[in-house]
Amino acid sequence: MRVPWKRPRVLPGFGLTLGYTLFYLSVIVLIPLSTLFLKSATLGMSGFWAAVTAPRVLASYKLTLGASLAGAVINAFFGLIVAWVLVRYRFPGHRLVDALVDLPFALPTAVAGIVLTTLYAETGWLGRPLAQAGIKVAFTPLGVAVALTFIGLPFVVRTLQPVIDSLEPEFEEAAASLGASRLQIFRRVILPAILPAWITGFALAFARALGEYGSVVFIAGNMPMRTEISALLIITKLEQYDYAGATAIAVVMLVASFVLLLAINRFQSWSIRLTSD
Amino acid sequence: MATIVGVQNRLTAGPRNLTEPFAVRVVLTLVALAYLLVFLVVPLGAVFAEALQKGWAAYVNAVREPMALSALWLTLLTAAIAVPLNLVFGVAAAWAIAKFEFPGKNALITLIDLPFAVSPVISGMVFILLFGRQGYLGPWLQAHDLKVVFAVPGLVLATIFVTFPFVARELIPVMQAGGTEEEEAARVLGAGGWTTFYRVTLPSVKWGLLFGVILCNARALGEFGAVSVVSGHIRGKTNTLPLHVEILYNEYNFQAAFAVASLLTFVAILTLVAKSVVEWRSSRRTDVLSEPRA
Amino acid sequence: MSIEVRNVTKKFGDFIAVNDVSLHVPNGELVALLGPSGSGKTSLLRIIAGLEQAEAGQVLFEGEDATARHVRHRSVGFVFQHYALFRHMSVFENVAFGLRVRPRASRPDEKEIRRRVMDLLKLVQLDWLGNRLPSELSGGQRQRVALARALAVEPRVLLLDEPFGSLDAKVRQELRRWLRRLHDEIRLTSVFVTHDQEEALEVADRVVVMNHGRVEQVGTPQEVFDHPATPFVMGFLGNVNIFGGRVEGGRAILGPLHLDYPEHPHAESLPAAGYTRPHELEVDRAEGGGGGFWAALRYANTAGAVVKLELATGDDRLVHVETTREQYELLRPTTGERLYVRPRQVRIFVEPGKGLPPPSERVVPPK
């Protein structure tokens with residue numbers, strides 16, 4: 001129902017709050033962001049294209065995309081298990097574990113960055129046994145994936161928990177009365193019901209990982225063409241005063257994130273429509 | 001994302017009598033715990049282990065070192081400015097969105113979610129583009145001898161950009177859930193605008209508000225990427241605590257880096273505790289409200 | 001397959017939901033578990049299904065102890081109050097579910113599954129909706145799909161938990177009769193839970209009336225309605241007028257009612273109550289043969305198939321009488337007019353535990 005602007009409103013403060021909100025957003029968000037597009041436009045179409053497809057830049061896309069995907073996939077798999085265990089089972093220390101899942105949200109990325117690097121370096125607690133098995137983590141793309149797994153961990157778990165928790169028992173009971181085994185019930189009844197939330201959690205973890213900087217930049221090693229993420233490349237260009245080049249890459253990253261988030265939003269409202277009676 | 005309109009606080013979920021066989025449950029639980037151990041517990045412990053590797057005295061020295069202290073001060077100052085500003089914004093935006101209908105509301109909500117879609121590096125970069133020496137407003141600032149980037153104002157702006165959604169995002173669903181009837185009733189009874197807000201709206205959303213402030217604060221204290229771009233890393237002047245950690249680490253002064261990092265980790269742990277408490281208190285309150293009177 | 005429940009007790013913490021209940025359901029019968037909320041009927045049903053574990057007692061199917069058997073091996077069909085249809089599957093897939101999850105060895109092939117599902121959908125008259133999703137169906141249609149789904153696995157027992165509770169009154173009535181006809185056709189041992197006495201009396205072969213975790217009475221609908229064993233059964237199964245008082249010396253003195261009660265000739269006075277249904281009372285202008293009392297007409301509701309009268313005695317006790325349209329037209333009473341109320345029969349329940357005879361009916365002779 002579209003409400004005309006002029007209708008007198010019962011509750012006060014509409015003009016004040018909306019006005020302030022828009023003002024704040026403009027100053028903090030819209031104007032700064034617009035400079036991004038303005039600056040990259042100065043390159044012109046061909047200059048822009050050259051900037052965003054240079055070999056070093058392409059290599060950074062590959063690394064960022066690949067490692068983000070890997071992290072999101074690992075989190076999807078293990079996150080499902082964690083969410084299920086936290087909702088359905090009880091064990092000593094359950095509350096503590098549940099609270100701990102939010103650590104990657106609360107911990108500053110720089111701290112995460114340095115501790116993961118120290119742990120997975122060849123002299124580190126986890127790095128040493130892995131090195132003996134022939135696996136190098138720090139300063140390789142694998143290290144980037146590990147950091148991005150850490151960063152995205154809460155997303156899958158937290159999106160799945162409420163959904164699993166609100167599954168009504170009748171569906172599982174009905175399936176059991178019809179002769180289904182526990183595994184069949186999971187595959188045919190539970191999984192389809194939680195699939196939208198699972199995909200959403202995965203996508204959110206992926207989106208977050210794409211733009212991540214602080215937790216990655218220490219463990220990556222930052223070798224151009226090999227272990228340089230796109231976000232770092234932007235900073236490098238900034239330090240070289242190649243503002244236009246930096247903004248070009250930033251625009252690409254922004255567009256990718258927006259598209260992803262838009263897709264997530266659309267997907268969420270579609271799945272809500274599908275599952276409501 | 002992590003809102004408190006979340007998981008119910010029942011003892012167990014799922015059908016009462018149907019569950020996986022015991023062996024399966026044990027395996028799943030162990031796998032889940034192992035995953036969390038490797039990715040969460042070990043790093044958490046390692047921060048403190050590394051910080052204390054040269055003993056308690058070295059730890060205290062690193063924390064009390066003047067540069068570290070000034071970084072701490074700057075971090076606190078930044079948060080002290082950013083969080084209240086974002087609080088006011090969050091309340092205003094939530095009020096406008098939750099209690100009114102207007103065209104473009106959805107676009108506004110998406111706009112508020114923006115920082116979550118933007119890499120922190122980009123968040124910092126836009127301020128350089130705007131206020132840097134070669135930026136759009138650079139010459140004007142230089143003419144008036146004002147510094148934004150590579151100075152404290154830049155840090156504050158970048159921090160505000162990155163953390164402004166938190167309060168709004170927590171508050172909007174809570175305010176929406178509250179509906180408009182109570183406020184309308186207050187108006188009918190003759191209450192003024194501010195009175196309605198203080199006495200009717202605020203008490204019913206206080207947990208959501210607190211939650212949002214906690215998250216906003218945690219992020220403000222710990223922000224690294226955006227601030228790193230904007231600050232210029234000038235020790236003693238534009239170094240926040242996370243940036244100081246980076247500098248120490250890059251100088252191979254690992255023990256000091258972890259010592260300072262441990263301070264931030266304490267804050268993170270406090271944030272988790274506060275979050276749990278708020279979730280517990282708010283769900284307890286709604287349980288009490290929804291129980292039928294005997 | 002017959003069902004026997006032996007001394008089953010179920011507790012939830014300190015609350016005793018089912019209190020030492022024993023029951024026998026012969027093969028092919030349609031039995032109703034009737035009672036108010038908290039009476040234990042749903043818990044009992046779920047224990048029979050295997051969805052709950054009892055603290056004590058046994059459940060036997062055709063004489064075999066099934067108490068330890070998992071629900072999936074009990075061969076029971078269960079229909080839930082809110083249907084529990086799988087939202088992401090079509091009607092066809094819902095009904096086919098039980099057949100698809102069979103172990104490889106006993107799973108029918110695709111053609112066979114198709115045949116069986118369509119037969120069942122035809123049986124519930126929904127064969128034209130096979131491709132729809134549950135969200136596209138009405139409540140009554142969903143419940144019929146749920147029934148078809150439960151029948152698909154050829155259960156030996158059908159259990160229904162308030163199957164019509166979520167439906168509108170009209171749909172509920174239609175589906176109720178439809179269920180009865182279906183049962184007559186397939187003759188599957190069925191137990192259904194309801195709190196609606198009209199439903200139980202209309203549909204079931206036998207009714208089990210439960211209260212506070214215990215069985216109050218088991219009998220045919222006729223039996224429990226006409227010959228209730230306890231005051232609770234009588235009150236629950238229909239409207240009643242209750243006249244409290246005592247019996248002594250061969251007389252029952254129940255408020256305004258004074259009747260002969262030879263069952264208790266002793267001088268010792270015992271507390272008792274007389275129960276009569278509104279349609280068992282007559283009103284007239286004259287006293288006729290006696291055995292009744294005078295009351296003033298407070299209110300007459302003439303809208304409906306029967307006329308409902310509300311009268312008040314001298315001590316402001318309210319009495320409800322139901323009479324036919326014809327009787328009312330003959331009488332034409334006015335509000336406030338004094339009328340004589342006479343019971344055709346009264347069921348007198350005496351305080352239990354005194355070694356006295358069970359509740360007896362006093363039939364007051366007609367004038």
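**Exercise 1.** Which residue forms a salt bridge with C:Arg251, and how far apart are the closest N and O atoms? Then work out whether the two partners are buried, partly exposed or exposed.

*Solution.* Keep in mind that you're looking at a predicted model.
- Step 1: find the partner. C:Arg251 pairs up with C:Asp260, and their closest N and O atoms are 3.0 Å apart.
- Step 2: check the cut-off. A salt bridge needs the nitrogen within 4 Å of a carboxyl oxygen, so the 3.0 Å pair passes.
- Step 3: look at accessibility. C:Arg251 has a relative accessible area of 34%, so it's partly exposed. C:Asp260 has 47%, so it's partly exposed too.

**Exercise 2.** Stay in chain C and name the residues that are linked in a network of salt bridges. Then find out which strand has the lowest mean pLDDT among the elements of the chain.

*Solution.* 
- Step 1: the network takes in C:Arg176 and C:Arg177, along with C:Asp196, C:Glu198, C:Glu199 and C:Glu202.
- Step 2: go element by element. Strand S21 (residues 360-363) of chain C comes lowest with a mean of 61, while strand S3 (residues 30-34) of chain C comes highest with 96.

**Exercise 3.** Describe the make-up of chain B: how many helices and strands does it have? Then locate the salt bridge between B:Asp113 and B:Arg169.

*Solution.* 
- Step 1: count the elements. Chain B has 14 helices and 0 strands.
- Step 2: see how much is tucked away. Of its 294 residues, 51% count as buried.
- Step 3: go to the pair. The side chains of B:Asp113 and B:Arg169 meet at 2.6 Å, N to O. This links distant parts of the chain: B:Asp113 sits in the loop between helix H4 (105-112) and helix H5 (114-117) of chain B, B:Arg169 sits in helix H9 (residues 165-178) of chain B, and they're 56 residues apart.
- Step 4: B:Arg169 counts as partly exposed because its relative accessibility is 21%.

Technical notes:
Residues are numbered from 1 along each chain as its sequence is written. Chains are lettered from A and ligands numbered from 1 in the order in which they are written. This is a predicted model: local features need pLDDT of at least 70, side-chain atom pairs count only at pLDDT 80 or more; totals for chains, interfaces and linings use all residues. Side-chain values use heavy atoms; hydrogens and water are left out. pLDDT is the predictor's confidence in each residue, from 0 to 100. Helices (H or I, at least four residues) and strands (E, at least two) are DSSP runs, numbered from the N terminus. Buried means under 20% relative accessible area, exposed over 50%, partly exposed in between (1.4 Å probe, protein chains only).
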